[in-house]
Structure formats: structure tokens, C-alpha cells
Amino acid sequence: MRKYVIMGVQGSGKGTQSELLCTELDMVHISVGDMFRWHVQNHTKLGAQVRRVMAAGELVGDDLVQATVRERLDQHDWNYGFVVDGFPRNRRQAEFFMEKYDIDGVIHLEIPDEEVRRRVLSRRLCPNCGMDYNLIADRPRERGRCDICGHELVTRPDDTPEALNARLRDYHEKTRPLLELFRRKEIVHDVDATPSPDQVQSAIRDVLGLPPHKPGE
Ligand code: AMP
């Protein structure tokens, strides 16, 4: 069983890379952002607690985040392992996580801020089935409509220039320094996140010593 964390600024492709890894290798993708978005969309009590903070691009309180992650991992549906995406994002979260779980590797997706701005501001999401698109690299076949379910695409409420600036600032101030913590344990694998998704996935498999990626399967 393998336990990984994927780190990188928003828009570095964490979600896409985690999905490719998990679908092909039967692992579970645990995205804290996706879990929160589900709660917001479904108007749960937790959704009401996190909605405003998320829309502003700020970080949700540690206690709430830790409880959400603990509850998710306690389901133990990850026989072949998991990839945690979007967590930990600060020192307190990292300490909580390292106390509880033995992490085999941290995948660090490296990408310049200008490329992040370009990608994030052209990102679109299907609020119905969760499929995401990018108007530069991965356009929907019909403008503004989901290829899978035909629903109208939307912009994530936190993909505005203001919210993106807040997230970039938080990432550089709070999240990036965690890499040093993980580097001391010699579990960080740096991967260039600027090539195509398939190329990035192949590089990840390579550094982690996992079976090769088979594009299109
Ligand atoms: P993401 O999809 O990872 O960009 O997460 C979307 C939003 O969810 C973030 O901007 C935060 O508001 C919230 N969030 C996700 N993960 C965390 C975390 N580990 N700590 C605090 N807030 C988080």
C-alpha cells in the first residue's frame, strides 16, 4: 500500500495528476478542496461554514480541515493506497498528518506563478458532474457546455484574480515551507509541472518507481 501527498500551487495540475495516478493504480484520490466544494454545492452545514472563506481564496480553519481529513481516511476504503491533494497546507496540518500517517512520498509539482495565472483564469468546471476544462489546453467540444453531461460550465468562484493572489500568497508563505519539513525525511520528489498532463504523469511514475503511465487507458 502506498501513501502519497501531492503538493503544488493551485493550477499546477494536482487534481489531474492525482486522478491519473489513482484511476490507473487503483488508489483513492482524497481532495480536500473537492470535498469542501461538494458540501457547498449540496448546502450542508459544513458547506455553509466554508463557503465564504473558499470564495475569497483563504484557508479554512485547521480544526475543520483536520476533522474532514481524519473522517475521510478513517473510512479505510484505500486498500491499494491514497493520494492526498490540497493537504497539508500549513505547519500545524503537516504535524497532525505526520503524527497519524506514514507517508511514502511527497510529489511536488513545480510551476512558475505566471503559468499558474494563465491556467487558473482559463479554468472552467461542470457543476453537475465535476469534469474540469481549460480554455487554453483542454477546451470543451461545444463552447461553454460539458462534453460528458451537457451542463453549462461555470468558473470556480475562487478562480478570480483577487482570490488567486490570496492563494498564491498563502502557498508561498505557509505551504511551500512545509517542503523543507518533508525534505528532511527525504521523501520529496520534485516534478516539472509545465509539460502536458501525460508527460507530467510519466515523470511522476518514474520518480516514484511505479508502473509506467499508459495514456488514453
Ligand atoms: P483546492 O481545490 O485545493 O484549491 O481548495 C479549494 C479551497 O478549499 C482552498 O482555497 C481553501 O479555501 C479550502 N481548502 C482546501 N484544502 C485546505 C486545507 N488543507 N487547509 C485549509 N483550507 C483548505
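This is a predicted model: local features need pLDDT of at least 70, side-chain atom pairs count only at pLDDT 80 or more; totals for chains, interfaces and linings use all residues.
A pair of aromatic rings is described by the distance of the centres and the angle of the planes. Five aromatic pairs were counted in the model. In one of them, the ring centres of Phe 87 and Phe 97 lie 5.3 Å apart. Their planes stand at 90 degrees, so this pair is edge-to-face. The two residues come from distant parts of the chain, ten residues apart. Phe 87 sits in the loop between β3 (81-85) and α5 (91-100), whereas Phe 97 belongs to helix α5. Both Phe 87 and Phe 97 are buried.

Phe 97 also pairs with Tyr 101. Here the centres are 5.4 Å apart and the planes meet at 50 degrees, so the pair is tilted. Phe 97 has a relative accessibility of 0% and therefore counts as buried. Tyr 101, at 10%, counts as buried because the cut-off is under 20%. Phe 87, Phe 97 and Tyr 101 are among the members of one aromatic cluster, which also includes Trp 78, Phe 82 and Phe 96.

The largest nonpolar core holds 30 residues. Phe 36, Leu 73, Phe 82, Phe 87, Phe 97, Val 106 and Phe 182 touch the most other members. Several elements each supply at least two residues of this core, including β1 (2-7), α2 (32-41), α4 (62-73), β3 and α5. Helix α8 (178-184) is also one of these. It gives the most, with four residues. Val 106 touches residues that include Val 5, Met 7, Leu 179 and Phe 182, with residues up to four places away in sequence not counted. Another core, of 22 residues, lies apart from the largest one. Among its members are Leu 25, Leu 109, Ile 111 and Val 191.

The salt bridges number 16. Asp 159 forms one with Arg 123, with the closest N and O atoms 2.9 Å apart. This pair, too, links distant parts of the chain, 36 residues apart. Asp 159 lies in the loop between β6 (132-134) and α7 (161-175), and Arg 123 lies in strand β5 (residues 123-125). Both Asp 159 and Arg 123 are buried.

Asp 159 forms a salt bridge with Arg 167 as well, again with a closest N to O distance of 2.9 Å. Relative accessibility is 4% for Asp 159, so this residue counts as buried. Arg 167 is buried, with a relative accessible area of 5%. Asp 158 and Arg 156 meet in a further salt bridge, at 3.0 Å from N to O. Both Asp 158 and Arg 156 are buried. Arg 123, Arg 156, Asp 158, Asp 159 and Arg 167 are linked in a network of salt bridges.

Definitions and conventions. Residues are numbered from 1 along each chain as its sequence is written. Side-chain values use heavy atoms; hydrogens and water are left out. Rings of Phe, Tyr and Trp (its six-membered ring) pair if their centres lie within 6.5 Å; planes under 30 degrees apart count as stacked, over 60 as edge-to-face and the rest as tilted. Buried means under 20% relative accessible area, exposed over 50%, partly exposed in between (1.4 Å probe, protein chains only). A nonpolar core is a set of buried Ala, Val, Leu, Ile, Met, Phe, Trp, Tyr and Cys residues joined through side-chain atoms within 4.5 Å. Contact means heavy atoms within 4.5 Å. A salt bridge is a side-chain nitrogen of Lys or Arg within 4 Å of a carboxyl oxygen of Asp or Glu.
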